[in-house]
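Work through the exercises below with the sequence and the coordinates at hand. Each task is followed by a stepwise solution.

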Amino acid sequence: MKNLSDKMQQCFSQSTMMLLKRVGAISKHMGCKAYLIGGTVRDLFLCKENLDIDIVIEGDAIHFGERLAHELHGIIISHKRFGTCTVTTPEYIKIDFATARRETYAKPAALPTVEFSSFRDDLTRRDFTVNAMAISLNEEGFGNLIDFFDGVGDIEKKQIKVLHDKSFVDDPTRILRGIRLEKRLGFTVEPHTANLMRKSIEKEIYKRVQAPRLRDEIILTLKEKELFHTIKRMDEFRALKIVHPYLKLHEDLSGTFTAIDEACSWYNDNSPRKRSIEKWLIYLMVLFNDVSYDGTLYFCNKFELKRGERLRMISYKRQSSKVLKTLNAKRKILPSKIYRLLEPLSHEVTLLLMAVSRSGLGKGRIMEFFHKYNGMRTAVKGDDIKALGVKAGPHFAKIVEKILYKKLNGILNNREEELEYAKKLAKRRL
Ligand code: ATP
């Protein structure tokens with residue numbers, strides 16, 4: 001049996017190693033067995049650091065996690081229904097514990113019936129051979145590799161292979177997982193697995209999967225580094241229809257993705273008001289370019305996107321061409337007009353407009369918006385306006401807006417000038 005202790009020592013940090021040894025000691029004490037599993041083991045062979053540590057316990061994983069959290073003064077979050085828990089150590093190492101389980105599928109793509117079971121059964125339910133290896137953490141045999149399905153052989157052959165022929169029928173989300181893994185690792189889906197994948201897609205078994213499960217895999221896919229190649233591969237497998245039947249791979253998609261990357265890096269380097277950007281959503285908006293408004297809305301509802309995500313998808317669909325036309329126009333545009341167009345939009349929508357704007361003029365105006373106008377406030381405050389006798393209401397809001405627009409246009413340059421102007425506006429209604 002292959003022992004990987006030395007490799008673990010080389011690739012894992014000292015604190016991770018100490019933690020894994022501690023897990024081994026606890027398992028001896030509790031009379032159960034603990035195994036490192038999944039992506040952590042796969043990535044160890046590729047000498048890539050995987051910060052998610054997955055451990056399977058042959059025994060009660062929640063009890064196990066509680067004990068570890070207690071010993072390390074860590075934090076535990078448990079999910080009793082699934083027999084799982086996550087322990088976060090004071091050094092912020094995150095470990096997911098699961099109780100070994102077996103799954104059976106009553107119907108294709110149905111949610112599996114889960115039973116707690118042996119460790120071997122647990123490995124048999126995994127998606128691909130490279131993800132079905134484990135390393136013993138038990139004191140006797142610490143570092144021993146368990147590889148029932150020749151995952152190591154497939155890592156050497158650089159291939160993604162399923163464990164059995166019904167894999168994509170049982171769980172079509174594995175189609176997206178397989179494509180993602182192939183592109184991320186620079187592997188190839190081996191021919192028989194590729195055929196099974198094609199058959200499952202052809203039969204549209206994915207339609208029976210619970211939409212939120214598919215959505216989660218779609219979002220993870222959109223977060224991949226090699227996104228264009230991943231989308232291209234999905235197209236080769238005709239798997240884009242899993243997302244939406246009208247998605248197409250356009251010739252210029254690679255260029256558009258690059259332009260999105262550039263716009264986001266520009267934003268991160270230059271925008272004075274940094275807010276984290278949901279880049280995956282920008283890619284999704286662009287993939288939906290050919291899909292109608294109704295089709296986009298249907299997608300958002302079916303996959304239960306969050307309200308904010310839905311609003312951004314829809315506002316891009318509704319507003320992009322009108323806003324772009326104005327921003328790309330050669331005539332002079334007042335800053336207040338640019339502000340009015342862009343301020344109501346989310347940063348994701350605005351960055352996508354920047355990426356797809358064909359003219360330097362449009363791009364420049366968006367950059368200026370981020371640099372200067374976004375989040376601009378008047379120097380006079382609400383109390384100043386109240387002191388002029390204006391009551392809260394539409395007139396009050398109009399005054400603030402008018403002052404802001406004049407400030408954006410460079411007509412009002414300080415608080416005194418703003419206050420003077422506010423007095424004039426207030427008098428008009430008094
Ligand atoms: P990464 O997190 O780096 O993308 P990972 O392999 O750790 O890769 P997770 O989604 O965290 O991916 O899943 C952990 C493990 O759980 C996988 O390695 C795999 O063994 C198993 N797994 C996850 N999803 C499925 C699935 N749909 N069918 C079967 N096994 C799965």
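**Surface, shape and core**

The chain exposes about 22,100 Å², with 51% of this area supplied by carbon and sulfur atoms; accessible areas come from the Shrake-Rupley method with a 1.4 Å probe. The model is predicted: local features need pLDDT of at least 70, side-chain atom pairs count only at pLDDT 80 or more, and totals for chains, interfaces and linings use all residues. Residues are numbered from 1 along each chain as its sequence is written, and side-chain values use heavy atoms, without hydrogens and water.

**Exercise 1.** Compare the radius of gyration of the chain with that of a compact globule of 430 residues.

*Solution.* Take the radius over C-alpha atoms, and for the globule use 2.2 Å times the number of residues to the power 0.38. The rule gives a value near 22 Å, but the chain has 28 Å. Next, take the spans of the C-alpha trace along its principal axes: about 85 × 50 × 40 Å.

**Exercise 2.** Which residues touch the most other members of the largest nonpolar core?

*Solution.* Start with burial (under 20% relative accessible area, 1.4 Å probe, protein chains only): 51% of the 430 residues qualify. Then join buried Ala, Val, Leu, Ile, Met, Phe, Trp, Tyr and Cys residues through side-chain atoms within 4.5 Å. The largest core has 119 residues, and M8, L36, I55, F97, F257 and L342 touch the most other members. Apart from it lies another core, of 11 residues, including V380 and F396.

**Exercise 3.** Which residues does F97 touch, leaving out those up to four places away in sequence?

*Solution.* Apply the contact cut-off, heavy atoms within 4.5 Å. Among the partners of F97 are V23, I55, F64 and C85.

Note on methods. Buried < 20%, exposed > 50% of the residue type's maximum accessible area, 1.4 Å probe, protein only.
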